[in-house]
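Here's a quick briefing to read with the model open beside you. It goes through packing first, then a helix, a hairpin and the charged pairs.

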Amino acid sequence: MGLFDFLRTEKRSDNFLRGALSFGGAANKTAVTEQSSMTFSAVFACVRIISESIASLPVRVYKVEPDQDKILDRTHPIHSLLTRNPNEFMTTYTFLEVLMNNLLLNGNSYFYIQRDSSARPIGLIPIKSEDVKVINHDGQIYYDVKEDMLHFFNLSFNGYEGTSVINAQRTTIGTSIASNDSANSILGNSAQTGGVIKHPGKLSKEAVERLKTSWNQSHSGSFTAGKTAILEEGMSFEPSTFDVNKLQLIETRRFQIEEIARIFKVPLS
C-alpha cells in the first residue's frame with residue numbers, strides 16, 4: 001500500500017472509512033495541555049525544529065509500472081494537492097507543519113479528504129484529534145467521523161492509533177512548566193534588598209501595613225535591584241541571604257530541558 005493510496009479516485013460504498021494511512025513509527029498538579037506545554041521553551045523549540053524541518057522537504061508523487069522504476073507522476077490528482085495547495089487556505093509548507101505539530105503533540109494527525117462529484121480528491125482539511133474516534137472492529141479500522149480521511153500517527157502500541165506525547169509525558173512536562181513558573185516567580189521578586197526590617201519601637205497594625213506597602217513599592221521587583229534604601233526612626237535592615245543555586249533552580253531547569261529534548265529525540269545543540 002502506498003503512502004497516499006487512500007486518495008484514490010474510486011467511490012466508497014460504506015459510511016465509514018476502512019483502513020488507515022499511517023506515517024512514522026510508532027504527581028504535580030500543573031495542568032498539562034497542548035497550549036500549556038508549548039509555553040515551555042524546550043517543548044516549543046523541539047516541536048518547531050522538527051515540524052519546520054519536515055515542512056521544508058519536497059513532496060513528490062510517483063507511479064510504479066510493472067518491471068520499471070518509479071516514475072514522477074505530475075498528472076495524478078493528488079500531485080497539485082501535495083505540491084501546491086492542499087486546500088484553499090494552506091500551502092504545502094503549512095499543511096506539513098500542521099501535520100507534524102499534531103503528530104508530535106497528540107500522536108495523531110487527521111485530515112478530511114474533500115472530493116468532487118467524480119470522487120477526485122480536491123482538498124485536505126485538518127480535523128481536530130478530539131473530534132475523531134478510532135475503532136478497531138475485527139481487525140478493520142473505522143473512524144466515527146463518517147468522512148473520507150487521512151490518518152497519520154506517531155509511536156503506536158496497537159498499530160492503528162498514535163500515542164500522545166502530552167499524555168505519555170504529562171509528569172515530565174508538568175514538572176518543567178512548574179519549575180519554569182517557580183523560577184519566574186522567584187526572579188520577579190529578586191531585589192537584593194529583600195530581608196527583615198527592624199524598628200526600635202512598637203508599630204500598630206496599620207503602621208506595619210503602610211510600611212510593608214511602601215517598602216514593596218520601592219524595592220520589590222527585578223527593576224529595583226541595587227537601589228539604595230533610606231531608613232528612618234532608628235529602623236535597621238537585615239538582608240536575607242538568597243542563592244538561586246542553593247535552590248537548584250538553574251540545575252533543575254537545565255535538566256528539564258534535557259528531558260524534553262530526550263522525549264522528542266532532538267540534540268541539545
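Ile260 touches Phe40, Ala42, Val43, Cys46, Thr172, Ile173 and Ser176, leaving out residues up to four places away in sequence; contact here means heavy atoms within 4.5 Å. Bear in mind that this is a predicted model, where local features need pLDDT of at least 70, side-chain atom pairs count only at pLDDT 80 or more, and totals for chains, interfaces and linings use all residues. Residues are numbered from 1 along each chain as its sequence is written, and side-chain values use heavy atoms, with hydrogens and water left out.

**Cores**

- Ile260 turns up again in the largest nonpolar core, which has 33 residues: together with Phe95 and Phe264, Ile260 touches the most other members.
- The elements giving two or more residues to this core are helix 2, helix 3 (79–83), helix 4 (92–106), strand 3 (108–115), strand 7 (149–153), helix 5 (165–168), helix 6 (170–187) and helix 8.
- Helix 4 supplies the largest share of this core, at seven residues.
- There's also a second, separate core of nine residues, and Val132, Val134, Ile141 and Met149 are among them.
- For the record, a nonpolar core is a set of buried Ala, Val, Leu, Ile, Met, Phe, Trp, Tyr and Cys residues joined through side-chain atoms within 4.5 Å.
- Buried means under 20% relative accessible area, exposed means over 50%, and partly exposed is in between (1.4 Å probe, protein chains only).
- As background, nonpolar side chains tend to be buried together in soluble globular proteins.

**A buried glutamine**

- Gln256 sits in helix 8, and with a relative accessible area of 6% it is buried.
- Setting aside neighbours within four places in sequence, Gln256 is in contact with Phe40, Thr172, Thr175, Ser176 and Ser179.

- Helices (H or I, at least four residues) and strands (E, at least two) are DSSP runs, numbered from the N terminus.
- Buried residues in helix 4 include Thr92, Phe95, Leu96, Leu99 and Met100.

- Strand 5 (residues 134–137) and strand 6 (residues 140–143) run antiparallel and are joined by four bridges; two strands pair if DSSP finds at least two bridges between them.
- Asn136 stands opposite Ile141 in strand 6.
- Two residues lie between the strands of this hairpin, and Asp138 takes a positive phi near 55 degrees.

**Salt bridges**

- How many salt bridges are there? The count is three, taking a salt bridge as a side-chain nitrogen of Lys or Arg within 4 Å of a carboxyl oxygen of Asp or Glu.
- Glu259 and Arg262 meet at 2.2 Å, N to O; both lie in helix 8 (residues 249–264), three residues apart, about one turn of the helix.
- Arg48 pairs with Glu52, their closest N and O atoms being 2.9 Å apart. The two are four residues apart in helix 2 (residues 41–55), so about one helical turn separates them.
- Arg48 is partly exposed at 44% relative accessible area, and Glu52 is partly exposed at 27%.
- Glu65 bridges to Lys63, with the closest N and O atoms 4.0 Å apart. Glu65 is partly exposed at 31%, as is Lys63 at 35%.
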